[in-house]
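Let's walk through this one piece by piece, starting where two chains meet and working from there. Keep the viewer open as you read.

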4 protein chains.
Amino acid sequence: MYSFTNDYSEGTHPRILAALSESNLQQNIGYGQDIYCAKAMDTLKKKIGHDNIDIHFLVGGTQTNLIAISAFLRPHEAAIAADTGHILVHETGAIEATGHKAISVHTTDGKLTAELINSVLQAHTDEHMVKPKLVYISDSTEIGSIYTKTELKSLSRFCREKNLILFLDGARLGSALCSSENDLQLSDLAELTDAFYIGGTKNGALFGEALVICNDSLKEDFRFHIKQKGAMLAKGWLLGIQFFELFKDDLYFELAAHANKMANILKKNITELGYKFSSNSPSNQLFPIFPNKIIDELEENYSFNRCEKVDDKNSCIRLVTSWATKEDAVLDFIKALKKLTV
Amino acid sequence: MYSFTNDYSEGTHPRILAALSESNLQQNIGYGQDIYCAKAMDTLKKKIGHDNIDIHFLVGGTQTNLIAISAFLRPHEAAIAADTGHILVHETGAIEATGHKAISVHTTDGKLTAELINSVLQAHTDEHMVKPKLVYISDSTEIGSIYTKTELKSLSRFCREKNLILFLDGARLGSALCSSENDLQLSDLAELTDAFYIGGTKNGALFGEALVICNDSLKEDFRFHIKQKGAMLAKGWLLGIQFFELFKDDLYFELAAHANKMANILKKNITELGYKFSSNSPSNQLFPIFPNKIIDELEENYSFNRCEKVDDKNSCIRLVTSWATKEDAVLDFIKALKKLTV
Amino acid sequence: MYSFTNDYSEGTHPRILAALSESNLQQNIGYGQDIYCAKAMDTLKKKIGHDNIDIHFLVGGTQTNLIAISAFLRPHEAAIAADTGHILVHETGAIEATGHKAISVHTTDGKLTAELINSVLQAHTDEHMVKPKLVYISDSTEIGSIYTKTELKSLSRFCREKNLILFLDGARLGSALCSSENDLQLSDLAELTDAFYIGGTKNGALFGEALVICNDSLKEDFRFHIKQKGAMLAKGWLLGIQFFELFKDDLYFELAAHANKMANILKKNITELGYKFSSNSPSNQLFPIFPNKIIDELEENYSFNRCEKVDDKNSCIRLVTSWATKEDAVLDFIKALKKLTV
Amino acid sequence: MYSFTNDYSEGTHPRILAALSESNLQQNIGYGQDIYCAKAMDTLKKKIGHDNIDIHFLVGGTQTNLIAISAFLRPHEAAIAADTGHILVHETGAIEATGHKAISVHTTDGKLTAELINSVLQAHTDEHMVKPKLVYISDSTEIGSIYTKTELKSLSRFCREKNLILFLDGARLGSALCSSENDLQLSDLAELTDAFYIGGTKNGALFGEALVICNDSLKEDFRFHIKQKGAMLAKGWLLGIQFFELFKDDLYFELAAHANKMANILKKNITELGYKFSSNSPSNQLFPIFPNKIIDELEENYSFNRCEKVDDKNSCIRLVTSWATKEDAVLDFIKALKKLTV
């Protein structure tokens, strides 16, 4: 049984494990105030090309989203997200649990636009409704699509014009930035968003997300929010060590490139076999549509998520590749699919 | 300028004012533990025909919704509502501010059905999503429609089967129960819902809603929630006096019947003039569609809300009648409309 | 049975009732955007002697406290209050329910000082603890004491120095300002606090508190918070009418002066009979200490709250006078007490 | 520089690191539904000697406290804790941020008793105050003291009598259970509390706490709360592996015994040198009182926390030993102290 269920099925890249092992019995200061976190922050600032940013290392994605959004908003303010957005679908109402409405916007490709956001603003006219204030986007999105520089610039311009906070969930930012269709860089994110995070959990870390706060007005007292939400890791250096390893030599991008390469092999072959996809993904999540009976047979040797039914006979599944995906497993999967396709 | 903007544009029915005046200088115990509240509760229990219910008098509708829903739910549980539902549209995220997601369901008539709710249940599969637990309905709905006994029975059966709490917002319950199309009675509500409220603010009271909790498991400690949310009126007897006056001689139903009668005159005449309505309302809110230029002219002498644009030339407006609506004003409005229609 | 239980045992002053009656059948715009609220705000601004303030009319005290405090604070910030403070003792955790810790400071007289607050600041050293940000005081306090101008100035200076918000709960502000020991005026409050409220419920209104926001940075979007917490009264003009009546001719101060006069009669006579008080109150709440058996006998004809036991034989009770307290009742009470005293 | 600052200054015990390394590249199911978590739960159930318990692995202590307490309580219910309790002092208002008041009770030894809790119950008389519902205790406490079986039984009996939830924070449970003064076992905790947790972070794990829910009525839907609060670790097996290693061969107790042994050496020698302690601790946290100038000199080679000043010349410090504390470092510290003592 080989798993394409997600990109966090294995532990961590051996170089990260080695670094954790090497420092294991050293004494460190707690709560992220150690030298490893300091080094990781320095390194990240250089990679991002901006110094006037605050970086906080957190354990997971839902945690990062809920802390950032609740710290950034006043009680009557709401987040806007695509209807596929993680905060709307798979976080058990974590945003609402901090008191804020998350407004759903229907999209076909998982991406928000100035026009879509504007329609939300138009509909919220007075104090009998929440005040839309934060725009939540994901790159790559939950259905695999990615933002172009032009799109992100346009969104950013609109948000600044309307005094909206632009927050980018980068749980799968590595795969987005290493996609063949990408033209964004980390420095662009720092310039175009108010805050974003660089996902580690889904790109080779044991766990960890690096939240980058770019907008000065959002920086104050942020560590209080981390602690209050139970997210301040006692042995914070574990995060620092991991992010230092990921970024000191571009390991982060190598790992994401591998995940994308594996996805591209799948995509190319699945396409050649005549199958369609429910979304156009240039990143490490693919959503092919197969006949149900083929899916049943594939499930005997592979694990993956079934998404929605397309019609009575066909369904969409999700295949996720990662830094750890073995090329052999991908080729075997294709071989099996070919055999079933006839 | 005559207002059809809403059903809470005037003070209170003269009999209620008289009762408030008469008792004005008496000393009473505070916080709803006075004899007037006791009398009002007794009277209501008789009208409802059930004794095993708890009644709490609150000041307003949003307040009642947020206290009831937050008292009834555990943190991970969510409310389901029609997309026109007041809690989703016009309460500034009051439910989310208590930590709970409100799940929106698209309907054409403002009413939920077992089928619609079931689709929400199907979509919420595990602990990565909120747990749908409370069904919020309004009668009459925000677009004027009302539930039939058959519909409410079916909803109730489904909710009990699925262990869902059925909560009915009765801000405009008077108009619903007095509609010519209605076949529900207060006793039905007590049998079919877990909790509901009888709106006073929109039917002749200065202010006040009577929340009725039918399900024993939802009753415990409810007064703590009222106080915690800042809703325990110091001079609670003001609510008791009003509800006693409204129900001791069926004044409540007389007032609602008047509002409906005024709406019926409007509806009949508007229909005869060839206009359509954006929703089919047998209650005291009407949503006629008029040419924009006619709306502009009507606005010189009448106030009302403009709803959405129907097309470039036509828009929908909302006309609300009430216990205080004068028949002369209604007839004048029709005369004016006729003149503009030609 | 005559009640000295509190200052909200009767309805409203006849002039207010008359004003409410007179306007009863007029049509008004809802939610506090009517002409009466506008007039009341104008009048209050003149009485306060400041124009650059925002005024919001709310229904009750707990409601006002929770909305103001939750609107003013970010999630990690806390309120500081004397251990007798209403938000700590009698609001069912309303502040905590909005997510904020209320820090208790022990005082002997119900009043905070710069020194007491500073000890809280000293104890809160880093992000592992909440950030004390808002200072909650009451005038008069829950045990009847009042602030002098010197005391309030000193507090105000300290709060500004430390970047703390100073919020004054004026549920019984009338009695404080009309106390013979008072040297504060409304204009002082506007200059020395960031926000305060003028209590109506306990000084002759049916209900209502006028929240005054002085600090510009706290004003933005305040009406959203009112609505979100279920506190935006549909028939908002009811509040406007009441506050206009209370302030157009200084009725507010006349009523408070009467309450104080009645308290003074009680205080003088109780003192002359040789009894002590558990707190030194120059306002309309008195806390005399009587033998338990005298309290038992008084309770046959008078209602009041029993506070704590002083020793095995003596207890403290609370006597509250109001705008509606009858001098005859006060004299009768004294007569009864004299008789019991021997 | 050697650190006695806390018991989470080093990584993890080598056996745990080895287990993590060994399984590193295996594929696992996410979110704690893997075979390692299952094995760890089985092992723990056997060690605890009870099968009818639910176990959830979480990342940190504040996280565990806030999720458990907010999941267990209704909105109006409050927690009671000793004034030294972690939830009151060092969690940035995490409990209040979930909407619940934490009531502080002054103790001299960090431990709650039936009598102390009863005084809280007596003071909370009606719906104008929160309803005390959960008793939060720590073993060992924040000042090093531990509960005896008699004490815990008495507390448990009282809580059941009063329908209170008894929750035990076991961040340092290892040290408590391995103290020479302890007579409690894990099975006792399962019988006497409604829920407790076994701390891993402070006893040799990289991170991790095992929450044990004993009371059936608190078990339902608990995983929803974990996810909603951002605490469901994607690679959940990391927690399972660690707890399996800690408990399969009693490593957990060996590590705690070592920490205690190191503390005992310190305690014995400090005592012999004539110094006093601010609290009587039989566990791995010691609070000796030293002259300030000795503390200054010690700080040149050792790090530790300074607690409160005792008088002008003396202060209390906190020395914490752990599974990783080296006996040589302890002996060096004592040598240095002797030298400074003269």
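Chain D and chain C bury about 1,300 Å² between them, with carbon and sulfur atoms giving 53% of that; buried area here is the accessible area (1.4 Å probe) that two parts lose on being put together, summed over both. On the chain D side, D:T92, D:E96 and D:K101 lose the most area to chain C, together 39% of what that side buries. Counting contacts (heavy atoms within 4.5 Å), you get 15 residues of chain D against 15 of chain C.

Before going further, a word on the ground rules. This is a predicted model, so local features need pLDDT of at least 70 and side-chain atom pairs count only at pLDDT 80 or more, while totals for chains, interfaces and linings use all residues. Residues are numbered from 1 along each chain as its sequence is written, chains are lettered from A and ligands numbered from 1 in the order in which they are written, and side-chain values use heavy atoms, with hydrogens and water left out.

Back to chains D and C: what holds polar atoms together there? The rule finds 8 residue pairs in polar contact across that interface, both residues at pLDDT 80 or more. A polar contact is a pair of N or O atoms within 3.5 Å; within protein, one must be able to donate a hydrogen and the other to accept it, and residues adjacent in sequence count only if both atoms are side-chain atoms. Salt bridges between chain D and chain C number 0, the criterion being a side-chain nitrogen of Lys or Arg within 4 Å of a carboxyl oxygen of Asp or Glu. Helices α4 (86–89) and α5 (94–97) of chain D each supply at least two residues of the side that touches chain C; helices (H or I, at least four residues) and strands (E, at least two) are DSSP runs, numbered from the N terminus. By class, that side of chain D has 5 nonpolar, 6 polar and 4 charged residues. Ala, Val, Leu, Ile, Met, Phe, Trp, Tyr, Cys and Pro count as nonpolar, Asp, Glu, Lys and Arg as charged, and the others, Gly among them, as polar.

Finally, look inside a single chain. Chain A is divided into domain 1 (2–7 + 252–341) and domain 2 (14–251), with bounds from an automatic or database domain assignment. The C-alpha centres of these two domains of chain A are 27 Å apart. About 2,000 Å² is buried between domain 1 and domain 2 of chain A, 52% of it from carbon and sulfur atoms. In domain 1 of chain A, A:Y252, A:F253 and A:P282 lose the most area to domain 2, together 39% of what that side buries. The domains of chain A share 1 salt bridge: A:D7 with A:R172, the closest N and O atoms being 2.7 Å apart. Helix α12 (residues 251–272) of chain A gives the largest share of the domain 1 side that touches domain 2, 7 residues.
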